[in-house]
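Let's take a walk through this protein together. Have a look at the sequence and the fold, and then we'll go over the ligand's surroundings and the sheet.

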Amino acid sequence: MTDNLSNHNILHKPNWCPGCGNFGILSALKKAFEKLSLPSHKILLVEGIGCHGHMVNFIETNHFEGLHGRPLAVAQGAKLANHDLNVFVISGDGDFLGEGGNHFLHALRRNINLTCLLFNNQRYSLTTGQASPTTEKGDKTKTSPQGLIEEPLNPVALAIANGGTFAARSFSGDILHLTDIIIKAHQHEGLAIVDILQPCISFNKLNTVEYFRKRLYKLEEISNYQADNRLEAYERALEWGDKIPIGVFYRKEKQTYENALLTLTEGPLVSRPLGGIDLEGVLKEYR
Ligand SMILES: Cc1ncc(C[n+]2csc(CCOP(=O)(O)OP(=O)(O)O)c2C)c(N)n1
């Protein structure tokens, strides 16, 4: 574990393709950490496998890389072991909604206090551009050369429909907006889902920066939008065409899983003394 750090230094020079949306997300994440005054040793990033997962090599903080599609499972475990940690999930549309889709649904039911950043480039990009669960219907990719037949999943709508307590969307090309949304997501007590639209300049020729700039509008700019009406939020979340909303769609206060778990009321598990526990007895079973 990294310790005694407070400046979230860039460790290595990012090696994403020039023009990748990940640069904007990295910048927004670092800004958010600074604005939230989160020291590096109090942050854990749990990343999936993909271009998005490389993010952790370019920011100096603790991180854990597990299996493809499993960052949410690992992050929930880490948070229950030490609920004083600020745990962020770094995942891709393939990782989070494909391989990890089942974890997403059940995490929504649990409401553990985590900030999930879904890097949504609508492709499996590290493996060079296969169609992902958010690829648009009809789009031609390596795995859909005649146009994709399936409908895309909508992570914001999924979160709202399945008991999620915070659902937002932002854009890698608007760093100020994304920084603000990451801060709001982190300040939410419960599971926060942030769908981050981003271009993949190498493998997605449809959802480019220009595509998004033409269509995106901000919910914050709609005077009477409150983010507390589930049905209205769901309707907005389904809007995807000439106009695509970004912002906080829905937010609801609800007890977190860790606050309801009686065993955690005495503080984080990691700070409990191990004295009096017969570890030998447990370890014997594995020898
Ligand atoms: C269980 C398993 N299946 C498949 C792979 C191969 N794999 C590695 S990265 C990747 C694509 C990830 O796509 P996404 O999560 O959308 O992230 P991106 O690269 O677009 O950021 C795949 C399929 C793997 N590592 N493990």
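Helix α3 gives the largest share of the shell around the ligand, with 4 residues. Helices here are DSSP runs of H or I with at least four residues, strands are runs of E with at least two, and both are numbered from the N terminus. Before going on, note that this is a predicted model: local features need pLDDT of at least 70, side-chain atom pairs count only at pLDDT 80 or more, and totals for chains, interfaces and linings use all residues. Residues are numbered from 1 along each chain as its sequence is written.

Besides α3 (93-99), β5 (123-124) also supplies at least two shell residues. Of the 19 residues around the ligand, Gly50, Gly92, Gly94, Asp95 and Ser125 come nearest (near means a C-beta atom, placed from the backbone, within 6 Å).

Now for the sheet. It's open, has 8 strands and mixed pairing, and runs β2-β1-β3-β4-β8-β7-β10-β9 (strands pair if DSSP finds at least two bridges between them). β2 (62-65) and β9 (216-218) each have a single partner strand, so one side of each lacks a neighbour in the sheet. From one strand to the next, the twist averages 25°.

Two helices pack against this sheet:

| Helix | Strands touched | Angle |
|---|---|---|
| α2 (71-81) | β1, β2, β3, β4 | about 175° with β3 |

Contact means C-beta atoms, placed from the backbone, within 7 Å. Axes are lines fitted to C-alpha atoms, for helices over the stretch in contact, and angles run from 0 to 180 degrees between N-to-C directions.
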